[in-house]
Amino acid sequence: MKKRIALSWSGGKDCCIALDTLIQKGYEIVSLITTVPKELGRTFGHGERTEMIKLQGEALSIPVYFIECSYENYTDQFVKAVQTLKNQDMITGIAFGDLYLDEHREWGEKVAISAEVEAIYPLWTKKEASLQLLENFVDSGYEAVVVRVREDVLDESWLGRIIDESFLHDAKKTAICPMGESGEYHTFVYDGPLFSKRIQLDQGELIQLETTKKLEFKSYRLVASGK
């Protein structure tokens, strides 16, 4: 019998590869968990519109469970959500797409202990392996676009770039983590092997935020996949 689990979901490449890896290992993903600040209608992780995350869930045929929370009650609300999914959907674990930052794993494991479920880290590795992980993503068949960059490490020319061989080549020349594990850049996945439809993104606009720049799409819809 497959283990029923939930997956912490930002919409980016890491959680997407985590999803693919978990399914290949035989897990059943019953929900994608996404945190959103109250009243903003955007995700905590990448500041993405919730409508775009909903389109990913629809394309993947997996329900998205939005957790409304604030910085003050973030952990408590996350634990409550996992407990709710445990009772309602009989999940036995919560998975995360983190790669190597110990403080992130420590937080996730504390959440799992509080909710009395298993913490799963399908991509966990060493920092030195991050370049290989990026190469693996480029070869995976999934398609992602850079939607946010940290101004102190990357300029706006990186916004809108597809995660492909060209991106891989240029990332090798920078001092950043190739996977952007410290938030150097964020991505949005819009197509791939598990997607039944592709998410068409149009009318990208550059937005200046406090310490980051973001590519904001005004138009997004599901279309037939090019696969």
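Which residue just after α1 takes a positive phi? In this predicted model, the residue is Gly26, with a phi of about 100 degrees. Helix α1 itself comprises residues 13-24. Its twelve residues should span 16 Å at 1.5 Å a residue, and the end C-alpha atoms are 17 Å apart, which agrees with that expectation.

Helix α1 is mostly covered, as ten of its twelve residues are buried. The buried positions run from Lys13 and Asp14 through Cys15, Cys16, Ile17, Ala18, Leu19, Asp20 and Thr21 to Leu22.

The largest nonpolar core contains 54 residues. Within this core, the members that touch the most others are Leu7, Trp9, Ile29, Ile163 and Tyr185. Helix α1 gives the most to the core, contributing six residues. In soluble globular proteins, nonpolar side chains tend to be buried together.

Strand β2 covers residues 28-37 and includes Thr34. Thr34 has a relative accessible area of 1%, under the 20% limit, and is therefore buried. Apart from neighbours within four places in sequence, the residues in contact with Thr34 are Trp9, Thr43, Ile53, Val64, Tyr65, Phe66 and Ile67. One of these, Trp9, is also among the residues that touch the most other members of the largest nonpolar core.

An open sheet is formed by four strands in the order β7-β6-β9-β8, with antiparallel pairing. Strands β7 (185-191) and β8 (197-208) stand at the edges; each has a single partner strand, so one side of each is left without a neighbour in the sheet. From one strand to the next, the twist averages 20 degrees. Strand β8 is joined to β9 (residues 212-224) by eleven bridges, and the two strands run antiparallel. In this pair, Asp202 stands opposite Ser219 of β9. Helix α2, made up of residues 50-60, lies across β7, β8 and β9 and runs at about 40 degrees to β9.

Asp191 is placed in strand β7. With a relative accessible area of 1%, against a limit of 20%, Asp191 counts as buried. Its side chain makes a polar contact with the side chain of Ser225, at 3.2 Å. Gln203 lies in strand β8. The relative accessibility of Gln203 is 54%, which is over 50%, so this residue counts as exposed. Gln203 also has a positive phi, about 60 degrees, although it is not a glycine.

A positive phi is found at Met90 as well, near 60 degrees, again in a residue other than glycine. Met90 is located in the loop between α3 (74-89) and β4 (93-95). Because its relative accessibility of 55% is over 50%, Met90 counts as exposed.

Notes. Residues numbered from 1 in each chain as written. Predicted model: local features only at pLDDT ≥ 70, side-chain atom pairs only at ≥ 80, totals over all residues. Heavy atoms only, no water. Core = buried A, V, L, I, M, F, W, Y, C linked by side-chain atoms within 4.5 Å. Buried < 20%, exposed > 50% of the residue type's maximum accessible area, 1.4 Å probe, protein only. Pairing = 2+ DSSP bridges. Axes fitted to C-alpha atoms, helices over the stretch in contact; angles between N-to-C directions. Contact = heavy atoms within 4.5 Å. Expected span 1.5 Å × (residues − 1). Polar contact = N/O pair within 3.5 Å; in protein donor to acceptor, adjacent residues only side chain to side chain.
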